[in-house]
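Let's take a friendly walk through this structure, one feature at a time. Keep the view open beside the text and look for each place as it comes up.

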Amino acid sequence: MSDIDYNSLDLSFIQVSFDDGILVIVNKVNARNTFVASLIPELVQALEYADKDDRVRVVIFTADHTSPAYCSGANLSDAWHWNGIDPDTIADHDYRDAAGQVSLAVLRCRKITIAAINGNAVGAGATALQLPFDFRVAWAGAKIAFPFASRAVSPEGATSFLLPRLLGYSAAAALLLSGQIFLPTHPLLNRLYFTILPKREDVLPAALTFARELASSTSAPSIVATKALLLHAPSSAEDAHIIESYLFKKMITGNRHDLVEGTKSFKERRSAVFTDTVDHMKEWAPWVG
Amino acid sequence: MSDIDYNSLDLSFIQVSFDDGILVIVNKVNARNTFVASLIPELVQALEYADKDDRVRVVIFTADHTSPAYCSGANLSDAWHWNGIDPDTIADHDYRDAAGQVSLAVLRCRKITIAAINGNAVGAGATALQLPFDFRVAWAGAKIAFPFASRAVSPEGATSFLLPRLLGYSAAAALLLSGQIFLPTHPLLNRLYFTILPKREDVLPAALTFARELASSTSAPSIVATKALLLHAPSSAEDAHIIESYLFKKMITGNRHDLVEGTKSFKERRSAVFTDTVDHMKEWAPWVG
Amino acid sequence: MSDIDYNSLDLSFIQVSFDDGILVIVNKVNARNTFVASLIPELVQALEYADKDDRVRVVIFTADHTSPAYCSGANLSDAWHWNGIDPDTIADHDYRDAAGQVSLAVLRCRKITIAAINGNAVGAGATALQLPFDFRVAWAGAKIAFPFASRAVSPEGATSFLLPRLLGYSAAAALLLSGQIFLPTHPLLNRLYFTILPKREDVLPAALTFARELASSTSAPSIVATKALLLHAPSSAEDAHIIESYLFKKMITGNRHDLVEGTKSFKERRSAVFTDTVDHMKEWAPWVG
C-alpha cells in the first residue's frame, strides 16, 4: 500500500499521528459520552490503515488526559437514536451494534494494539475501546463499569465473547450482572491491565514507551501469527499442534531476513533489527495474513 | 404465574422465605452431610418457582450459620446408595448424578442467584451449591474442597464444565486433582468469591444487602439477556456481534418501560424504578427467555 | 505390563528413577538450551512407560538445580536445523514441531504430572516442559519467557491451546506478544504455579513431598477420570452432566476396592490405602482409559 499521510486525513472525532512505527489515535472530543455514531467510521478507517500500512507496528488508542473520561459510552440523552435514527424504524435483523463494529475492527487489525485508558471507561468505553485490544495500560483511578443491566439494555461490543475469555466467567458474570464500578486494581479485573499507573497524564507516555519496545523487539510476521493463533483459537492440543507446526515451519524456512537477524543478533548479544513485512503471509496461510 | 405463597409450601429440608424481591432458601438440616436425596426435589422446585415468579429478582441459597457446615456433600455412610437404592441395581445409562441435577436447575433459573457460603463447602457443597450461582459470598474461614479423588469417585455437579470456565484450567486441575482443602482467600480461588467476610453470621446479611442493591438497580430483562449470553456463550467475536446486535435492538425498541425509565432516571440523577417482567422475551428470543 | 527396570534404560539426555510410586525424570544435560532433538524420544518414551506402569502414580520432570537453567529452549546456534536437518528440505506438511510432540506426550500420560521448575524456563522450556503438566512447582527466581516474537518465530508446544485455557486470553496475549521475562510471582502468571519456593534446591524436594501426598491420598481411576474430563472438556453443563453421570455410576458400582476403602477409611478416620489400577477403564470408557 502506498504510504498514507496521516496528517492530511479529514477527521472530526479522532486525531491520528504517526511516528517511528507507532500510530496514536486520540479521541479528541473533550466530553464524557464520546461514543457517538460519527466516531465509528473514522475509527474503523484508522484501524484499517494501520492494518495495511507496513510502517505501522503498534496502534495506541487513547483520550486527552484532561477530558472528563477515557470514554463513558454512548450519550443516553439520544435515547439510543444512533445517527439520529429511531431504532423502531429499523428491521430487527438490520440493526448492527456500533460497539461491536469497533470491536471487530480492532480484532481484525494485525498490528499490536494498546488501549491507553487514562480516564473513566464505561459502557462502550469499557467494551469496544478496551476489551479487543492486545494490551491495556490504565490509570489507577479510572472507574470501570459495564452498567448494561442498570440502563435496561444488554451487553454489546462482542463483550459476551471477549470478557469471559479474557478473565473467565466468574469475573465476567460479576462485572456484567452487578453493573458496579470497579477500579483497575480490583481483584475481579486482575490481569486485564498490563500496567496500572497512578497519574492520568502518565498513561499515554507509558504506553508509548512500551509500544516502542514492542516495535523494536518483535518481528511483524511473528506478531501476526501469534495474534491469529489467539483469535482463531485451536480447539484442542492436537489441533494446536498441527496448526502451529505448519506456521512454525514457514517461519523458519525461506531464508527470511528476520529469522536470520533474530539468530544473528542473539549470538552477537545485540538488539535485532527486524524489517520483514506481512502481506506475503496470506499466500501460505490465508486465515492468518 | 399466579402468586406463590412461599410460607405454605410443604418442605422438610429447606426453608423458603420471600420478601421485597428476594427469595431466601435455607438448608435447614443442621448437619455436615446435608446433600441427601430428599433435598434435591425441594431445591429444584424452589428454583423453578423463583424462575417463574415475576416478583422474585434474586435467589439466595444458604445454610444456618450455626450448622457444622454450609454443606459437606453427601453422606458417605450411605455408600452412595442414593434414596436407599443400590446403584448396582441401576442400568449404567439410567443413573443421573444428583449434584448435576441441582447445577442444571440453578443454571436454568433466569433470576440472579447468590450462594451465601457461611460454612465449610465440600463435595456437592462446593460444586452444585456453589459453582452454578452468579455470585458467591463466603465466610473467610470456610473450608473449600473437591475431594473426589480421595474418595475414589469422579467429579460431579457439572464441575468439569463449570470450574474451568469460572477459574481456568490451571486452578481447576489443581483443585480437582489435589483434593486438598483451600480457604476462600487462597490464590487458586481468586475471583470465585465476590465478597469474603470474616464472620460466619455476617455472610447472609451481606448477601441480602447485595441482593437488595441488585434487585433495585437492575432491569429484569437485562439480567435474563446477560445470563443467557454468559450461559449459551457465543463461540467467536462475530457470533457475539450478531447475537448481541439482535438482543440489543429488541431491548432499545418497543417503548419498553424500563428503557425509558433507565434513561429518564439517569438524566434526573435519581435511582431507576424498574418494573418490566421477562415472560414476553421468549416470543422474540426463545433461547433466552 | 511387566515391570520396567528404570535403572537399566539406555538414556543419554534424561535420568529416570522410580521409588514409592513416583517416577522422577531429570534433564541431565547441564546447559541452558537443553531442548535438543535427541531429548524428545527419550522423554516421550519415559512418559509412555509412566502411563502404562501401574506402579507409577506421579511423574515429576525437573533439571539439576545447579544447571544454568531448567530449560531455556532450543539451541539457536543450530538455526532451527532440528536433528541436523535443514527445514528447507522438508515438505511443509511433513514438519512436526518438537515441543508439540512433548506436550502431547505429557497430556496423554494418565498419571499425575508435576513440573519442578528449579531454574529459568524459556521457549520450549516454558511451553512443552511446563504448560501440559497438571501441577507446576517453581523457584521464585526462575525467569519465565515466551520470546517467540523476539526470535522471529511463532508459538509452539500447543501453547496457543494450553496457555489461554490455563490463564485466560488477557494473560496469554500479554505473555506471547510482549515476549518479556516474568517471574513466577508476577500477577500475569498468577495460578500457574501451585507452589513457589525461594531456593532452587528446595523445588524438587517440595515436588517430591507433594507427589507422595498425592500418590497416597488419591485413587488412580479417579485421577484418570478427572484428567480425562479436564482434557476432553465437556462443551456445556448438559454435556458435563450426562458424561459425569455415567463415569460416576461406574465409579460407585462393581464393588471396587478403592471405593469401599475410601468410605471405610473415612468412617474409621484413617488414611485410605488405594490399590485399584486403571487398565480396565477402557472397557467401559474407551475415551478415558
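C:Arg110 has a relative accessibility of 9% in this predicted model, and because buried means under 20%, C:Arg110 counts as buried. Its side chain meets that of C:Asp279 in a salt bridge, with 3.6 Å from N to O. C:Arg110 lies in the loop between helix H2 (98–108) and strand E4 (112–117) of chain C, while C:Asp279 lies in the loop between helix H8 (257–267) and helix H9 (281–284) of chain C, so the pair ties together parts that are 169 residues apart in sequence. C:Asp279, for its part, has a relative accessibility of 26% and counts as partly exposed. Behind such pairs stands a simple idea: side chains of opposite charge can pair when their charged atoms come close.

Now move to chain A and look for A:Arg110. The side chain of A:Arg110 forms a salt bridge with the side chain of A:Asp51, at 2.8 Å from N to O.

A:Arg55 is partly exposed, with a relative accessible area of 30%, and A:Asp3 counts as exposed at 55% relative accessibility. Salt bridges can also join up into a network, as they do for A:Glu261, A:Lys264, A:Glu268 and A:Arg270. Over all chains, the structure holds 33 salt bridges.

Next, turn to the strands. Chain A has an open sheet of six strands, arranged in the order E1-E2-E3-E4-E6-E9, and the pairing is mixed. Which strands stand at the edges? They are E1 (14–19) and E9 (195–197) of chain A; each has a single partner strand, so one side of each is left without a neighbour in the sheet. From one strand to the next, the twist averages 15°. Within this sheet, strand E3 (residues 58–63) of chain A and strand E4 (residues 112–117) of chain A run parallel and are joined by five bridges. To find one of the bridges, look for A:Val59, whose partner in E4(A) is A:Thr113.

Chain C also has an open sheet of six strands with mixed pairing, in the order E1-E2-E3-E4-E6-E9. Its edge strands are E1 and strand E9 (195–197) of chain C, and each pairs on one side only. Neighbouring strands in this sheet are turned against each other by 15° on average, direction ignored. Strand E1 (residues 14–19) of chain C pairs with strand E2 (residues 22–27) of chain C in the antiparallel sense, over six bridges. C:Val16 has C:Ile25 as its bridge partner in E2(C), and C:Ser17 stands opposite C:Val24. Together E1(C) and E2(C) form a hairpin with two residues between them, and C:Asp20 in the turn has a positive phi of about 55°.

Back in chain A, one loop residue deserves a visit. A:Thr127 is found in the loop between strand E5 (121–122) and strand E6 (135–139) of chain A. Its relative accessible area is 0%, and A:Thr127 is buried. Which residues is A:Thr127 in contact with, leaving aside its neighbours within four places in sequence? They are A:Ala99, A:Pro132, A:Phe146, A:Phe148, A:Glu156, A:Gly157 and A:Thr159.

Finish in chain B, with a pair of helices. The axes of helix H6 (residues 220–231) of chain B and helix H7 (residues 237–251) of chain B come within 11 Å and cross at roughly 175°. H6(B) and H7(B) are therefore roughly antiparallel to each other. H6(B) brings B:Pro221, B:Ser222, B:Ala225 and B:Leu229 to the contact, and H7(B) brings B:Ile243, B:Glu244, B:Leu247 and B:Met251. By type, the residues of this contact are six nonpolar, one polar and one charged.

Technical notes. Residues numbered from 1 in each chain as written. Chains lettered and ligands numbered in written order. Predicted model: local features only at pLDDT ≥ 70, side-chain atom pairs only at ≥ 80, totals over all residues. Heavy atoms only, no water. Pairing = 2+ DSSP bridges. Helix = DSSP H or I, 4+ residues; strand = E, 2+ residues; numbered from the N terminus. Axes fitted to C-alpha atoms, helices over the stretch in contact; angles between N-to-C directions. Parallel < 35°, antiparallel > 145°, perpendicular 65-115°, else oblique. Contact = heavy atoms within 4.5 Å. Nonpolar A, V, L, I, M, F, W, Y, C, P; charged D, E, K, R; others polar. Salt bridge = Lys/Arg side-chain N within 4 Å of Asp/Glu carboxyl O. Buried < 20%, exposed > 50% of the residue type's maximum accessible area, 1.4 Å probe, protein only.
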